[in-house]
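Have the model open beside you as you read.

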Amino acid sequence: MHRFHTGVFRRFAAAAIPFLMAAAAPSHALAGFPDKPIRMVVPFAPGGGTDLIARAMGMTMGEDLGQPVVIDNKPGGSTIIGTDAVAKSAPDGYTLVMATMAHAVNPSLHQKLPFDTDKAFAPVMLVGRSPNVLVVKPDSPINTVRDLIAAARAKPGKLNYASQGAGTSAHLAGELFKSMAKVDMNHIPYRGAGPAITDLLGGQVDLMFATAAAVAPHLESGKLRAVAVTTGQRSQAPALSKVPTVAESGVPDYAADSWYGLLVPAGTPPAVIMRLNAAARKAVHTDAFRKRAEQEGLAVGGGTPDEFGRYVKAESERWSKVIRDASIKAD
């Protein structure tokens, strides 16, 4: 009898070992995560607002994770090129994308995307939200929003405004302005904020609804001048606190802001996502990141992956209506 029970037990134990190992695998994988550098894809050229925010995040996240976070700039295609690279990456937590508003609006701008925006990614965290800033050169005759409206109406289609790419916050802020102010201006898309600002500084374009992060150094140096911010309320950033909103300057109810958030490929283990979320939350609350955020008008984010997922969905619904009503097309 004793030998019978012993044999049964041994056979049961042998059969159970694979299931026990499978159940334990995720915890072992997490215990070793990360054990190599992490890649954060920035779907814009170096030097723009998204690039600067990503580098600040990468530095502070890397300290918490114990592995370097390497920034990989993949500009082009209205962020689609870089985002697609992440969608096709292994869902293991070692590849992230610093997404922006373009991620939420691309499905409304492009009939075909190489990925399913709703199914190809998993949210990690909202990094922050900030105003876009209507900027011009210091010697520009455009001193107010009303000046811009008057100039655009006097010469329809003659003023050029730059953006870091079709479907980005700078583009849609400009298109929303055109629609609400009833003016005609030409959109000039670039492969990132850096090249766009370079041409603005050089006089090749007249203005830009740039992200605050991208133009902060140029406002501080006096190479660019802020005309208005795009958010519903004035920015709390010291450099922008006295800059009026577009809404109070002649276009009532106008409001648009930009945002940054981290995504990973769909299928990334929830435990790995939560580890990245914890590192990201810690990063945005460091003194170094908060100081940069304050200078650039960024309202620091945080929160859970689910909260960020709901935010992206709401943004997508909001801008799809704007795009449809204004008949906005991708360049």
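In this predicted model, helix α4 passes helix α11 in a right-handed crossing. Helix α4 covers residues 101-109 and helix α11 covers residues 305-326. Their axes come within 8 Å and cross at roughly 45°. The two helices are therefore oblique to each other. On the α4 side, the contact is made by Met-101, His-103, Ala-104, Val-105, Ser-108 and Leu-109. On the α11 side, you will find Val-312, Glu-315, Ser-316, Trp-319, Ser-320 and Ile-323. Sorted by class, the residues of this contact are 7 nonpolar, 4 polar and 1 charged.

Another helix pair to look at is α7 (residues 193-202) with α8 (residues 212-221). Here the axes lie 10 Å apart and the packing angle is about 35°. The crossing of α7 past α8 is right-handed. Helix α7 brings Ala-193, Ile-197 and Leu-201 to the contact, while α8 brings Ala-214, Val-215 and His-218. This contact of α7 with α8 holds 5 nonpolar residues and 1 polar residue, with no charged ones.

Next, turn to strand β8, where Ala-228 has its place. Is Ala-228 buried or exposed? Its relative accessibility is 0%, so Ala-228 counts as buried. Leaving aside residues up to four places away in sequence, Ala-228 touches Asn-132, Val-133, Leu-134, Val-145, Val-243, Pro-244, Thr-245 and Val-246. From Ala-228 to Val-264 there are 36 residues in sequence, and the C-alpha to C-alpha distance is 34 Å.

Ser-249 sits in the loop between β8 (225-229) and β9 (257-265). Which residues does Ser-249 touch, not counting residues up to four places away in sequence? They are Val-145, Arg-146 and Pro-244. The side chain of Ser-249 reaches the backbone oxygen of Thr-245 at 2.6 Å.

Most residues other than glycine have a negative phi, and most peptide bonds are trans. Ser-78 is not a glycine, and yet its phi is positive, at about 55°. Ser-78 lies in the loop between β2 (69-73) and α3 (80-87). Thr-79 is not a glycine either, and its phi is positive at about 80°. Thr-79 is likewise found in the loop between β2 and α3.

A cis peptide bond joins Phe-33 and Pro-34, with omega at about -10°. You can find Pro-34 in the loop between α1 (2-31) and β1 (38-42).

| Residue | Relative accessibility | Class |
|---|---|---|
| Ser-78 | 12% | buried |
| Thr-79 | 4% | buried |
| Ala-228 | 0% | buried |
| Ser-249 | 10% | buried |

Why does Ser-78 count as buried? Buried means under 20% relative accessible area, and Ser-78 has a relative accessibility of 12%. Thr-79, with a relative accessible area of 4%, is buried by this cut-off. Ser-249 is at 10% relative accessibility and therefore counts as buried as well.

Note on methods. Residues numbered from 1 in each chain as written. Predicted model: local features only at pLDDT ≥ 70, side-chain atom pairs only at ≥ 80, totals over all residues. Heavy atoms only, no water. Axes fitted to C-alpha atoms, helices over the stretch in contact; angles between N-to-C directions. Helix = DSSP H or I, 4+ residues; strand = E, 2+ residues; numbered from the N terminus. Parallel < 35°, antiparallel > 145°, perpendicular 65-115°, else oblique. Left-handed = near helix turned anticlockwise from the far one by under 90°. Contact = heavy atoms within 4.5 Å. Nonpolar A, V, L, I, M, F, W, Y, C, P; charged D, E, K, R; others polar. Buried < 20%, exposed > 50% of the residue type's maximum accessible area, 1.4 Å probe, protein only. Polar contact = N/O pair within 3.5 Å; in protein donor to acceptor, adjacent residues only side chain to side chain.
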